[in-house]
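Open the model in your viewer and keep the sequence panel beside it.

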Amino acid sequence: MSKGVTSRKENYSQWYNELVVKADLADNSAVRGCMVIKPYGYAIWEKMRDRLDRMFKDTGHVNAYFPLFIPKSFFSREASHVEGFAKECAVVTHYRLKNSPDGKDIVVDSDAKLEEELIVRPTSETIIWNTYKDWIQSYRDLPLLINQWANVVRWEMRTRLFLRTAEFLWQEGHTAHATQAEAMEETVRMIHVYADFVEKYMGVPVIEGVKTANERFAGALETYCIETMMQDGKALQAGTSHFLGQNFAKAFDVKFATREGTLDYVWATSWGVSTRLMGALVMAHSDDKGLVLPPKLAPIHVVIVPIYQKTEQLSALREKILPLKKELEANGLTVKFDDRDTVKPGFKFAEHELKGIPVRMVVGPRDLENGTVEIARRDTFEKNVYPLHEAVNTTVRLMDDIQDNLYRRALAFRNANTFQTDSYDEFKEILDRGGFIMAHWDGTSETEDRIKEDTKATIRCIPLDAPEESGKCILTGKPSARRVLFARAY
RNA sequence: CGGGGCGUAGCGCAGUCCGGUUAGCGUGUCUGCUUUGGGAGCAGAAGGUCGCAGGUUCGAAUCCUGCCGCCCCGACCA
């Protein structure tokens with residue numbers, strides 16, 4: 001990115017941190033572990049959010065909003081759920097402050113202690129299922145397909161911008177169904193929606209799969225996930241969709257009258273993606289010059305930089321550029337005309353690259369003379385001079401090219417860094433280099449734990465498309481029916 | 001909660017071991033002139049409770065004691 005800073009290959013983590021801050025996506029805040037999402041970063045998140053929201057609506061869901069605070073007692077209703085989240089909850093115990101005796105400070109008023117503590121939601125299953133109890137009586141009330149856009153808090157020990165923050169923005173879908181099959185269908189449908197979004201809009205290839213018992217969501221019977229590879233070969237879980245069975249219905253006593261007149265517990269799913277997707281987007285495509293954004297999520301598609309010496313020249317350029325800008329906009333592109341006279345062109349080029357703007361146009365005196373414009377693409381740095389009348393078509397075409405190229409490039413990288421092995425020694429070597437490993441596993445949590453302790457690698461998922469193949473567990477040599485995906489993960 | 005490190009200008013740092021001019025460097029900011037097809041150059045200016053409190057000393061950013069804050073590694077994790 002900017003001169004003299006960490007390169008991607010030198011120190012991937014540091015490169016990422018610097019990039020997020022320098023590209024104006026986010027900053028650390030005064031509150032430990034929390035993040036300020038800056039306007040540019042938020043604009044990208046809004047693009048993601050709007051597209052996902054459309055996809056949810058297209059699959060029959062509606063939005064609603066549930067409270068931030070969850071009574072502590074709700075939490076303990078579902079045993080494995082509380083166990084999974086208890087260690088990272090923010091808890092509200094009081095509702096009032098008062099002046100300290102010496103009047104110099106504000107202190108918690110110990111008289112204002114809550115009878116029951118409130119948990120700041122780390123996820124909303126409990127408060128939502130407590131509500132669903134009132135909403136669902138009959139099979140006619142089902143399915144209930146609701147999504148909420150919200151913030152949640154998980155008091156993590158160690159945080160990283162976008163990838164793991166104490167508070168993060170996300171959406172969580174919570175659905176209720178009359179049958180197990182329907183709920184299962186919904187679970188799979190939504191993981192496909194996520195996969196679709198991440199591949200087609202973010203340009204990041206995913207592996208769809210199911211989690212092992214160790215990695216499963218607290219309270220779920222089955223967790224589906226999409227796993228992505230970052231440029232250091234580590235895995236990032238980009239989204240999850242959970243089949244919750246009747247666990248939450250039983251915990252919150254949500255029964256419905258069936259078509260046959262009997263009473264049954266409803267079947268549930270939940271699914272979510274978060275601002276972590278921003279981290280995935282940055283880590284998957286960016287380079288040492290900065291961010292590389294897929295056109296479908298870029299807040300600005302094209303930046304036009306004028307080259308001039310005197311202000312008269314600028315007005316001549318403006319006459320050419322403004323109609324061009326208008327025409328690009330008529331083709332659905334967002335265009336920025338960077339006519340700042342406070343910085344030099346070279347500075348602008350570097351800045352726009354840092355921010356990942358897909359296409360840059362340069363128009364100067366030379367172009368005025370020749371009726372041309374220079375067009376450069378961010379992903380490959382290729383630049384060419386085109387006749388002015390071809391500028392719009394070229395740019396529109398470039399948007400598709402860049403979008404495709406980013407996906408293809410990421411896919412090629414993932415393929416080049418995905419390995420099959422049956423040797424535990426080689427398994428460890430590959431992990432140290434970075435990459436995904438397809439290997440046999442005996443199906444036990446004990447083996448998975450031992451491998452994790454030994455190598456820091458976890459089973460990211462059992463890929464949905466993993467073919468049956470009998471083999472021997474990489475660690476224990478016990479029989480295995482298919483290979484599973486191992487990697488170190490964020 | 002265990003192990004390590006750091007706190008000096010908006011930001012990044014040197015100076016601390018071995019106390020001694022007016023506390024310095026880079027960058028950023030401001031002013032002026034020259035520049036403008038890849039992160040400009042020169043000249044000038046502004047900017048500091050050296051984390052806080054106490055102690056030792058003729059004298060403390062530097063030594064001693066206590067406190068506060070932050071970062072990194074581990075446990076946790078979308």
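Start by selecting the buried residues of α9 in this predicted model. They pack against β17, β18 and β19, and also against α11 (365-370) and α12 (391-416). Which residues are they? Show side chains for L317, I321, L324 and L328, the buried residues of α9. Residues three or four places apart on an α-helix point the same way, because there are 3.6 residues a turn.

Now select the whole of α9, residues 311-330. What is the distance between its end C-alpha atoms? They are 28 Å apart, which agrees with the 28 Å that 20 residues should span at 1.5 Å a residue. Look along the helix for a kink of about 30 degrees, centred on R318. Just after α9, pick G332, where phi is positive at about 85 degrees.

Next, turn to the sheet. Colour its five strands in the order β18-β17-β19-β20-β21; the sheet is open and its pairing mixed. Which strands stand at the edges? They are β18 (335-337) and β21 (383-387); each has a single partner strand, so one side of each is left without a neighbour in the sheet. From one strand to the next the twist averages 25 degrees.

Zoom in on β17, residues 302-306, which pairs with β18 in the parallel sense over three bridges. Within this pair, V303 is opposite K336 of β18.

With the sheet still displayed, bring back α9, which packs on it and touches β17, β18 and β19 (359-363). The direction of α9 makes about 170 degrees with that of β17.

For a stop elsewhere, select E46 in helix α2, residues 39-58. Is E46 buried or exposed? It counts as exposed, with 12 C-beta neighbours inside 10 Å.

Finally, zoom out to chain A, which has 14 helices and 26 strands. Its C-alpha trace spans about 80 × 70 × 55 Å along the principal axes. Of the 490 residues in the chain, 40% are buried. Among contacts between residues at least 6 apart in sequence, 68% join residues at least 24 apart.

Definitions and conventions: Residues are numbered from 1 along each chain as its sequence is written. Chains are lettered from A and ligands numbered from 1 in the order in which they are written. Two strands pair if DSSP finds at least two bridges between them. Helices (H or I, at least four residues) and strands (E, at least two) are DSSP runs, numbered from the N terminus. Axes are lines fitted to C-alpha atoms, for helices over the stretch in contact, and angles run from 0 to 180 degrees between N-to-C directions. Two residues are in contact if their C-beta atoms, placed from the backbone, lie within 7 Å. The expected span of a helix is 1.5 Å times one less than its number of residues. The bend at a residue is the angle between axes fitted to the seven residues ending there and the seven starting there. A residue is buried if 20 or more other C-beta atoms lie within 10 Å of its own, exposed if 12 or fewer, and partly exposed in between; C-beta atoms are placed from the backbone.
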